Amino acid sequence: MIESRPSRTAERVAMRRAAHQLLDRPRLHDDPLALAILGEAQAAATRADPGRFEDGPVARVLRAFLAVRSRLAEDALAETIAAGVRQYVVLGAGLDTFAYRNPYPTLRVFEMDHPATQAWKRGRLAEAHVDVPAGVTFAAIDFATEALPGVLRAAGLRGEEPSFFSCLGVTPYLEPPTVLATLAAIAPFAANGGGVVFDYSVPAESLAPRPRAAFEAMAARAAAAGEPFRGFFEPETLSAAMQALGFHGIRDLGPDQLNARFFSERADGLRVGSAGHILTARGRGR
């Protein structure tokens, strides 16, 4: 993040989520607010020419990954709500729209992000005439410099009740020690029925030449936007670190598992690429 400027990658992600609503059938993730959150001008441009998000195979696999990670995050949230969770924390919320189409009346949603990105999002919501429900709390944070537990408590998160956390599109922009420190900070809040879902990337050098070239091209675009990739993990190392923090029931879906589960029977050939993983885990105590 560049200080005082909202996230450019958050906007690009939102544009691709909106394109998924227009281009892909069947949808992996239904989001009736995906276009509205873009703002009137950008939404109109996306409706007029959604094909610009079909520009090459990298665009398609990225759109597929963004759609499936939102789907998995909300599926995992539903599982924990069925188990009694009533607090949901969206770390690095960007232009995520779940809080404004939340179907669970008793669920409190905490959106956490950089102050500039949050202010920009609230402007988008106002422009689209999307009301902020009473059960939504905005909590501004710089993940690299601020202590997460204190910000969570100040926002009103009840530590005695289990919480579920999502952290989508965040870990690649943080140094690995910061990612692990964030997981350690949320572990006590996720205990006794809560949990976490997040995506991460494996190191580029672990990829075959063709997917490595595609991933490095995407990383170069992120760096040019002022938001370079910094954090990568090997799956076995990350799983061991999470177990040491007290998480259990770890499900790490890599490209092969995601494609087999969500894309194998699609007629349109949509599928994810080779670098991204989506991991869900439950907190200690249950």
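Mentor: For the classes used below, Ala, Val, Leu, Ile, Met, Phe, Trp, Tyr, Cys and Pro count as nonpolar, Asp, Glu, Lys and Arg as charged, and the others, Gly among them, as polar. The model is a predicted one. Across the whole structure, a search finds four cavities of 30 Å³ or more.

The second largest cavity holds about 50 Å³ of space. Its lining consists of Ala 76, Glu 79, Thr 80, Phe 164, Val 196, Arg 251, Thr 280, Ala 281 and Arg 282. Two or more of these residues come from each of α3 (57-82) and β7 (276-282). Sorted by class, the lining of the second largest cavity comprises four nonpolar, two polar and three charged residues.

The largest cavity contains about 60 Å³ of space. Around the largest cavity stand Leu 91, Cys 167, Val 170, Thr 171, Leu 174, Val 179, Thr 182, Leu 183, Ile 186, Val 196 and Phe 198. Helix α6 (176-186) and strand β5 (195-201) each supply at least two residues to the lining of the largest cavity, and α6 gives the most, with four. In the lining of the largest cavity, nine residues are nonpolar and two polar, with no charged residues; the lining of the second largest cavity, by contrast, includes three charged residues.

Methods:
Residues are numbered from 1 along each chain as its sequence is written. This is a predicted model: local features need pLDDT of at least 70, side-chain atom pairs count only at pLDDT 80 or more; totals for chains, interfaces and linings use all residues. Side-chain values use heavy atoms; hydrogens and water are left out. On a 1 Å grid over the protein atoms alone, a cavity is a set of points where a 1.4 Å probe fits but cannot get out, and a pocket is an open set with protein on both sides within 12 Å along at least five of seven lines; lining residues have an atom within 4 Å of a point. Grid points are joined across faces, edges and corners, and a volume is the space filled by probe spheres set on the points.
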